[in-house]
Amino acid sequence: MALQALQSSGVTFRKILSHFPEELSLAFVYGSGVYRQAGPSSDQKNAMLDFVFTVDDPVAWHSKNLKKNWRHYSFLKVLGPKMITSIQNNYGAGVYYNSLIMCDGRLIKYGVISTNILIEDLLNWNNLYIAGRLQKPVKIISMNEDVSLRSALDRNLKSAVTTAFLMLPESFSEEDLFIEIAGLSYSGDFRMVVGEDKTKVLNIVKPNIAHFRELYGSILQENPQVVYKSQQGRLEIDKSPEGQFTQLMTLPKSLQQQIHHIMDSPGKNRDVEETLFQVAHDPDCGDVVRLGLSAIVRPSSIRQSTKGIFTAGMKKSVIYSSLKLHKMWKGWLRKTS
């Protein structure tokens, strides 16, 4: 599986992981503290490390973590592990973040998500939140033998490639593809208006082409709908209505439904397949797909950010938002200078 190429045995990450309960189906770390990024967030040594922990039983996991790391939680800790799990699963994008934690001399934040909710997001793009993060290079620290999870991780990468194809021209470069993929989970994200550097996607991709190639190389080689000239870093795809219809029919369910909702005229009551057939023949097919992505990402990002005020606590939320705004301001100054 492509994701295995990015597994890491980094001692720093494993030492940090040792501070948390062990029952994890997947643990990974990402962000500018792991992979070099261009722009104002390029200081890897001091950058915050972003972790995600996937757990089969979040109530049991939070119960143990509250005993080990009581101070990590906001005022919500007094509600106990069952209520924390309810907030985690039922609000936002299904992930519970503890932010601005000092651990082994590094500043970290970590999100906790249940395995079944992650699998659903990977397959269907219900929120395209953690699924979107996993479309970009991450370092996997720990992963169990859950076949369903591994299959869903692989499916998510293939879906990212197909979606990007629909928004690209007939011929394009590897960099064009990776920029499109990296931007999928930012489509419509309100944080790209306030709080994030506008060149974030470019900053992620440009220094990490080799890592994206590791992640997607085998998928591109095996995909019958693309001619992948890896030596030249060029790709060609079928942009015929028939080719686009094939791609649209393999998109994640939530994205298909959003496209159907956008394009289905009142009173026609067509099924999803009929709508996708129409979109495949539309010269603006790529724009429609992008609108469908925005319809998933925008509400998800707003709900998750609102939830973060409570899970992090007001003080940490203000500090974290200030850091993001400072980074955005530095990026703007760099761009205009």
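**Figure 1. Lining of the second largest pocket in the predicted model.** The residues that line the second largest pocket fall into 3 nonpolar, 6 polar and 3 charged. The model shown here and in the other views is predicted. The space in this second largest pocket comes to about 200 Å³. Its lining is made of Arg155, Lys158, Val161, Thr162, Ile219, Glu222, Asn223, Pro224, Gln225, Thr246, Gln247 and Thr250. Three helices each give at least two residues to this lining: helix 6 (147–166), helix 9 (209–222) and helix 10 (241–249). Helix 6 provides the largest share, with 4 residues.

Figure 2. Lys158, one of the residues lining the second largest pocket, is joined to Asp154 by a side-chain salt bridge of 3.4 Å, N to O. Side chains of opposite charge can pair when their charged atoms come close. Both Lys158 and Asp154 belong to helix 6, where they are 4 residues apart, about one turn of the helix. An α-helix has 3.6 residues a turn, so residues three or four places apart point the same way. Lys158 counts as partly exposed because its relative accessibility is 32%. Asp154 counts as buried because its relative accessibility is 18%, and the cut-off for buried is under 20%.

Figure 3. Glu174 and Arg213 form a salt bridge in which the closest N and O atoms are 2.8 Å apart. Glu174 is in helix 7 and Arg213 is in helix 9, so this pair ties together parts that are 39 residues apart in sequence. Glu174 has a relative accessibility of 4% and therefore counts as buried. Arg213, at 36% relative accessibility, counts as partly exposed.

**Figure 4. Helix 7 and its buried residues.** Helix 7 spans residues 174–183 and is mostly covered, with 7 of its 10 residues buried. The buried residues of helix 7 are Glu174, Leu177, Phe178, Glu180, Ile181, Ala182 and Gly183.

**Figure 5. Tyr186 and Ser301.** Tyr186 is located in the loop between helix 7 and helix 8 (200–205). Its relative accessibility is 13%, so Tyr186 counts as buried. Tyr186 and Ser301 are separated by 115 residues in sequence, while their C-alpha atoms are 9.0 Å apart in space.

**Figure 6. The largest cavity.** The structure contains 2 cavities of 30 Å³ or more. The volume of the largest cavity is about 70 Å³. Rolling a probe the size of a water molecule over the atoms shows where empty space is left. Gly31, Ser32, Tyr35, Gln37, Arg133, Pro137, Ile204, Asn208 and Phe212 form the lining of the largest cavity. Sorted by class, this lining has 4 nonpolar, 4 polar and 1 charged residues.

Figure 7. Trp70, Val78, Leu79 and Met83 make up a nonpolar surface patch of about 420 Å². Of these residues, Met83 sits in helix 3 (residues 81–90). Met83 counts as partly exposed because its relative accessibility is 39%.

**Figure 8. The salt bridge of Arg270 and Asp264.** Which residue forms a salt bridge with Arg270? The partner of Arg270 is Asp264, and the closest N and O atoms of the pair are 3.3 Å apart. Arg270 counts as buried because its relative accessibility is 17%. Over the whole structure, a search finds 8 salt bridges.

Figure 9. Leu100 is not a glycine, although its phi is positive, about 55°. This residue, Leu100, is part of strand 3 (residues 95–103). Leu100 has a relative accessible area of 16% and is therefore buried. Asp104 is likewise a residue other than glycine with a positive phi, near 55°. Asp104 lies in the loop between strand 3 and strand 4 (106–114). With a relative accessible area of 41%, Asp104 is partly exposed.

Notes
Residues numbered from 1 in each chain as written. Predicted model: local features only at pLDDT ≥ 70, side-chain atom pairs only at ≥ 80, totals over all residues. Heavy atoms only, no water. 1 Å grid on protein atoms, 1.4 Å probe; cavity = no way out; pocket = protein on both sides within 12 Å on 5 of 7 lines; lining within 4 Å. Points joined across faces, edges and corners; volume = space filled by probe spheres on them. Nonpolar A, V, L, I, M, F, W, Y, C, P; charged D, E, K, R; others polar. Patch = residues over 30% accessible without salt bridge, like charges linked within 9 Å, V, L, I, M, F, W, Y side chains within 5 Å. Areas by Shrake-Rupley, 256 points an atom, 1.4 Å probe, with all protein chains shown as cover. Salt bridge = Lys/Arg side-chain N within 4 Å of Asp/Glu carboxyl O. Buried < 20%, exposed > 50% of the residue type's maximum accessible area, 1.4 Å probe, protein only.
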